[in-house]
Amino acid sequence: MNKRYEELDSLRGIAAMLVFIFHMLMILPNSWKEGLIWHLINLSPLHHLLIGDKRVIFFFILSGFVLSLPFFRKKRLSYPSFIIRRIVRLYIPYAIAITFAILTSIYFSKGGNSELGGLFNALWMAPVDVELIINHYLFIGNYNVYAYNIAIWSLIHELRIAFIFPLLMVMAIRFRWKINLALGVGLAVIGAAIHLILQDPYQPIYKTLFYILMFIIGILISKYKSNLLEGYKSLNKGFKIGLFIIGYLIYNYSDFIGNPLLADWLTSIGVSILLVIVLGSTLASKILLWRPLKYLGKISYGVYLYHLPVLLTLLYVFYGKIPIIIIMGLAVIITLIISNLAWYFIEKPSIKLAKFLSDKFSYNIKEPVLVEEKRSS
């Protein structure tokens, strides 16, 4: 079963690159988005390149699935051990990456460019603000999380949910899927209702309520994966292809629904279908275990953290001097190089440190936080 980690990492790498492509498309000159080709892309299967925010739902569901596996294997995990491992793993690479983003913003930003897309002119526009910078390191207050690197907004929810993840696991182990799903939907509705009233543009804590549902879905797929995979493998080839098409269409076109809440719920359904297919498909396994995809999965966190600062820096330095397509290509190459270096010199040491610290805490705790899994009736 451990080999599945590599396949799921490959999925994470693909999703990170799709986020990168989405941001590049959003930065393209406005004149490029007025022609027939752009509209055809929007209506074609390539529409998935224009839904970068949906990748975050994929990340959350996949995190719920992967993080829950040790709990369902009845591994003894203390609460401090889990929290330390999760936070150290995420935070140290983040802290270094946000430093890179802040420094490049201060040094290279020239206040935007009206020729480029809206995303370009929404980033690196905030004046140097010590309080804002401190908030980016401490994750405190309700601040402009888009000032230096828009991609970090999802990490805020990842870290918040890490503190309650063991509680979500207790619920998943002790209660049936209907109760857990109802809990997630209820929290999402509460979060969405508060947002309708307050309309906060940043990431206040009530928005985290909405994303807890995605983690719960990942946990439930993990809990019932044997049943889900047995059901999938019992289907004939035609039904499997049909299921893939349904999952892809739901995931790819859910944003056509006007209601954002329902759109994200549909996206979650599409992601869930596709995740089960990946877990149960021999062909998908072979594709995702292709060495370049495994490499991309290994450095996916770095790709996610560094691609925007690299892209914005290159645009400020070279836009108008060389073709923008060449700038985009350079951004991909440099991001991959930096992400590879970040993996070896930042992430791997962070993972070792996280394990060392979490093991020390686990030795001091005699009882695990979670009871053994009870079979659902």
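The structure is a predicted model, in which local features need pLDDT of at least 70, side-chain atom pairs count only at pLDDT 80 or more, and totals for chains, interfaces and linings use all residues. Residues are numbered from 1 along each chain as its sequence is written, and side-chain values use heavy atoms, with hydrogens and water left out. Helices (H or I, at least four residues) and strands (E, at least two) are DSSP runs, numbered from the N terminus.

Helix α4 packs against two other helices, α6 and α14. Axes are lines fitted to C-alpha atoms, for helices over the stretch in contact, and angles run from 0 to 180 degrees between N-to-C directions. Angles under 35 degrees count as roughly parallel, over 145 as roughly antiparallel, 65 to 115 as roughly perpendicular and the rest as oblique. The axes of α4 and helix α6 (residues 153–174) come within 9 Å and cross at roughly 170°. Helix α4 is therefore roughly antiparallel to α6. Contact means heavy atoms within 4.5 Å. On the α4 side, the contact is formed by Y79, F82, I83, R86, I87, L90 and Y94. Their partners in α6 are L155, E158, L159, A162, F163, F165 and P166. By class, this contact of α4 with α6 holds twelve nonpolar, no polar and two charged residues. Here Ala, Val, Leu, Ile, Met, Phe, Trp, Tyr, Cys and Pro count as nonpolar, Asp, Glu, Lys and Arg as charged, and the others, Gly among them, as polar.

The axes of α4 and α14 come within 10 Å and cross at roughly 5°. Helix α4 is thus roughly parallel to α14. From α4, the residues in contact are R89, L90, P93, Y94, I96, A97, F100, A101, T104 and F108. They meet Y301, L305, Y306, P309, V310, T313, Y316 and V317 in α14. The contact of α4 with α14 has 15 nonpolar, two polar and one charged residues.

Aromatic rings were examined next. Rings of Phe, Tyr and Trp (its six-membered ring) pair if their centres lie within 6.5 Å; planes under 30 degrees apart count as stacked, over 60 as edge-to-face and the rest as tilted. The whole structure contains 18 aromatic pairs. One of them joins F120 and Y316; this pair is tilted, with 4.8 Å centre to centre and 45° between the planes. The pair links distant parts of the chain, 196 residues apart. F120 lies in the loop between α4 (79–108) and α5 (130–138), and Y316 in helix α14 (residues 300–318). Buried means under 20% relative accessible area, exposed over 50%, partly exposed in between (1.4 Å probe, protein chains only). F120 is buried at 2%. Y316 is buried as well, at 8%. The rings of W124 and Y316 also pair: their centres are 6.1 Å apart and their planes are at 5°, so this pair is stacked. W124 is in the loop between α4 and α5 and Y316 is in α14, so the pair ties together parts 192 residues apart in sequence.

Elsewhere, F60, W153, F210, Y211 and F215 form one aromatic cluster. A charge sits over a ring if NZ of Lys or CZ of Arg is within 6 Å of the ring centre and within 35 degrees of the ring normal. K240 lies over the face of Y232, at 5.1 Å from the ring centre.

W124 has a relative accessibility of 2% and counts as buried. Its phi is near 60°, a positive value in a residue other than glycine. Most residues other than glycine have a negative phi. S105, in helix α4, is buried at 6%. Beyond its neighbours within four places in sequence, S105 contacts W124 and Y148. L312 lies in helix α14 and is buried at 1%. Leaving aside neighbours within four places in sequence, L312 is in contact with I27, F120, L123 and W124.

Q199 is located in the loop between α7 (177–198) and α8 (205–223). At 47% relative accessibility, Q199 is partly exposed. F72, in helix α3 (residues 52–72), is buried at 11%. The C-alpha atoms of F72 and D200, 128 residues apart along the chain, are separated by 37 Å.
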